[in-house]
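Subject: Structure handover

Hello,

The structure is below, followed by notes on what was found in it. Please read the two together.

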4 protein chains.
Amino acid sequence: VSGTQLLERWNGCGYYRLNGMRVTRADADGSTLRITIGSDHLQAYGTAHGGVIAGLLDAAMGLAILGPAPDGEGCATIQMAVNFLAPARAGPLTATGRVVSGGSRIVVAWAEAADATGRTVACATGTFMRVPGE
Amino acid sequence: VSGTQLLERWNGCGYYRLNGMRVTRADADGSTLRITIGSDHLQAYGTAHGGVIAGLLDAAMGLAILGPAPDGEGCATIQMAVNFLAPARAGPLTATGRVVSGGSRIVVAWAEAADATGRTVACATGTFMRVPGE
Amino acid sequence: VSGTQLLERWNGCGYYRLNGMRVTRADADGSTLRITIGSDHLQAYGTAHGGVIAGLLDAAMGLAILGPAPDGEGCATIQMAVNFLAPARAGPLTATGRVVSGGSRIVVAWAEAADATGRTVACATGTFMRVPGE
Amino acid sequence: VSGTQLLERWNGCGYYRLNGMRVTRADADGSTLRITIGSDHLQAYGTAHGGVIAGLLDAAMGLAILGPAPDGEGCATIQMAVNFLAPARAGPLTATGRVVSGGSRIVVAWAEAADATGRTVACATGTFMRVPGE
């Protein structure tokens with residue numbers, strides 16, 4: 001699929017729609033995703049639940065891998081390690097992802113998420129396996 | 001708060017309600033949480049998005065820490081490392097969490113999630129900081 | 001190779017000899033390794049350097065995978081996440097490893113290290129790739 | 001201590017001497033460490049043991065934190081996640097570390113190690129706790 005089709009496919013899936021998460025770029029330079037943290041994303045302390053942040057970073061890493069991959073190739077997250085650097089309050093978050101090391105089977109990626117003031121609220125590394133297209 | 005109040009507080013927060021996630025136990029032996037994966041939780045490949053799984057495991061670890069903690073004490077996830085062991089398809093998932101090592105400030109916890117057949121689909125370790133109550 | 005040959009092979013390699021690390025068991029139930037922390041393993045604060053601990057846990061996980069594997073099969077660490085729970089002072093450490101989830105290609109393992117008093121000083125999860133024998 | 005004293009202190013500790021590891025820079029821009037992989041660092045497959053690589057990256061992150069820290073302040077590794085990207089064979093490795101996010105108590109750092117051809121063989125993120133000087 002073309003870049004536009006890739007973005008449409010992911011922006012249309014259940015998880016992205018439930019959470020209001022969108023990928024706006026996925027190419028050879030990396031990926032950009034956006035989400036606006038609202039009351040639906042909060043845990044009992046009033047800040048974004050770790051699952052929202054982890055999901056955003058997982059997606060940013062995965063799309064950074066899929067952006068430049070051949071049509072039809074997929075990838076599966078084997079493992080991810082997330083550092084939560086600051087509480088994320090209600091408001092927009094922007095995540096960027098990039099490939100750190102891309103092999104033929106295993107790819108390592110990095111992502112970080114920043115709030116509207118530019119403060120990095122979380123970062124992650126992930127290990128992914130390429131899944132050949134049918 | 002008592003154990004019941006702890007569960008009610010978390011089950012009432014935005015993230016748990018949006019995702020249909022529930023904590024059913026949080027005590028000195030650990031925690032149990034449940035979620036039923038449905039179309040809202042899926043990524044473009046038709047299996048649960050990593051964010052749902054990561055959120056479930058983060059919550060299971062956090063509640064295992066909060067269950068036996070003094071009233072009013074909180075905890076913040078500093079870091080978590082998640083291993084995705086098998087795709088999680090639509091259907092129920094049960095996560096259990098437990099404390100691995102609990103210090104006065106830093107606590108390390110473990111959680112795993114299994115599907116209805118008992119297969120472990122993911123596991124995680126996390127590092128948490130205790131936050132004293134006001 | 002048989003279990004004894006596996007142990008001899010690893011106990012004879014440069015890293016094990018330099019550090020005085022030994023594997024004493026590697027079978028279907030997991031692995032056991034021992035090291036005695038001495039002045040050669042210390043960092044500037046007088047406790048064991050993280051590299052010694054990480055190496056011990058990496059080895060415990062790898063041997064837990066190799067113990068029950070077919071003759072000639074190897075494994076490579078793709079990723080490991082280590083939690084340092086307490087300072088490790090001079091004296092013996094025992095590490096035990098076990099397989100958490102073993103697929104045909106990717107295996108996830110767990111290891112922990114305890115001092116002579118039984119206190120767990122560190123734990124780790126790792127992701128490994130099986131390497132077929134020639 | 002001054003920067004030179006910091007380097008001398010670490011280069012003189014047991015672990016650095018046993019492994020032939022040296023820190024050559026630790027300042028506000030990060031750290032640089034060097035090691036030459038030889039037969040003493042190898043595992044049974046003939047490449048550097050994960051413990052050597054993990055120790056090098058742990059040290060690179062820690063020194064990146066200590067370099068610009070006030071005299072006497074220390075730091076302890078709480079957790080580290082290492083990705084092994086390529087086998088490291090006999091020969092020189094250079095690691096560089098930098099602070100990703102520095103709070104008053106918790107600091108997150110990043111390090112990577114490259115061989116003589118410039119190929120990155122491993123990277124890591126770590127979570128550290130500042131330890132006030134006496």
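Two strands are said to pair if DSSP finds at least two bridges between them. With that cut-off in mind, and bearing in mind that this is a predicted model, here are the findings.

Strand pairing in chain B

Strand 2 of chain B, residues 30–37, runs antiparallel to strand 4 of chain B, and 7 bridges join them. In this pairing B:Leu33 has B:Ala95 of strand 4 as its bridge partner. Strand 4 of chain B is also joined to strand 5 of chain B, by 9 bridges, and these two run antiparallel as well. B:Ala95 is again involved: its bridge partner in strand 5 is B:Ala113. Strands 4 and 5 of chain B make a hairpin, with 3 residues between them. When you look at the side chains here, recall that in a regular strand they alternate between the two faces of the sheet.

The interface of chains B and C

The contact involves 10 residues of chain B and 10 residues of chain C. Between them the two chains bury about 880 Å², and 65% of that area is on carbon and sulfur atoms. Which three residues supply more of the area that chain B buries against chain C than any other three? They are B:Asn83, B:Leu85 and B:Trp110, which supply 43% of it.

The count of salt bridges between chain B and chain C is 0. Residue pairs in polar contact between chain B and chain C number 2, both at pLDDT 80 or more. Four strands of chain B each supply at least two residues of the side that touches chain C: strand 3 (74–84), strand 4 (91–102), strand 5 (106–115) and strand 6 (120–131). The largest share, 3 residues, comes from strand 6 of chain B. By type, the residues on this side of chain B divide into 6 nonpolar, 4 polar and no charged.

Relations between the copies

Chain D superposes on chain C by a rotation of 180° with 0.0 Å of shift along its axis, and the RMSD is 0.0 Å. That is the relation of a two-fold axis. D:Ala81 comes closest to the rotation axis of the residues of chain D, its C-alpha lying at 2.1 Å. Here too the copies meet through the same surface, because 100% of the interface residues of chain D are also interface residues in chain C.

One residue in chain A

A:Asp115 is in strand 5 of chain A, residues 106–115. The side chain of A:Asp115 makes a polar contact of 2.6 Å with the side chain of A:Thr117. What is A:Asp115 in contact with, once its neighbours within four places in sequence are left aside? The residues are A:Pro92, A:Leu93 and A:Val121.

Regards

Key
Residues are numbered from 1 along each chain as its sequence is written. Chains are lettered from A and ligands numbered from 1 in the order in which they are written. This is a predicted model: local features need pLDDT of at least 70, side-chain atom pairs count only at pLDDT 80 or more; totals for chains, interfaces and linings use all residues. Side-chain values use heavy atoms; hydrogens and water are left out. Contact means heavy atoms within 4.5 Å. Buried area is the accessible area (1.4 Å probe) that two parts lose on being put together, summed over both. A salt bridge is a side-chain nitrogen of Lys or Arg within 4 Å of a carboxyl oxygen of Asp or Glu. A polar contact is a pair of N or O atoms within 3.5 Å; within protein, one must be able to donate a hydrogen and the other to accept it, and residues adjacent in sequence count only if both atoms are side-chain atoms. Ala, Val, Leu, Ile, Met, Phe, Trp, Tyr, Cys and Pro count as nonpolar, Asp, Glu, Lys and Arg as charged, and the others, Gly among them, as polar. Copies are superposed by least squares on the C-alpha atoms of residues with pLDDT of at least 70 in both.
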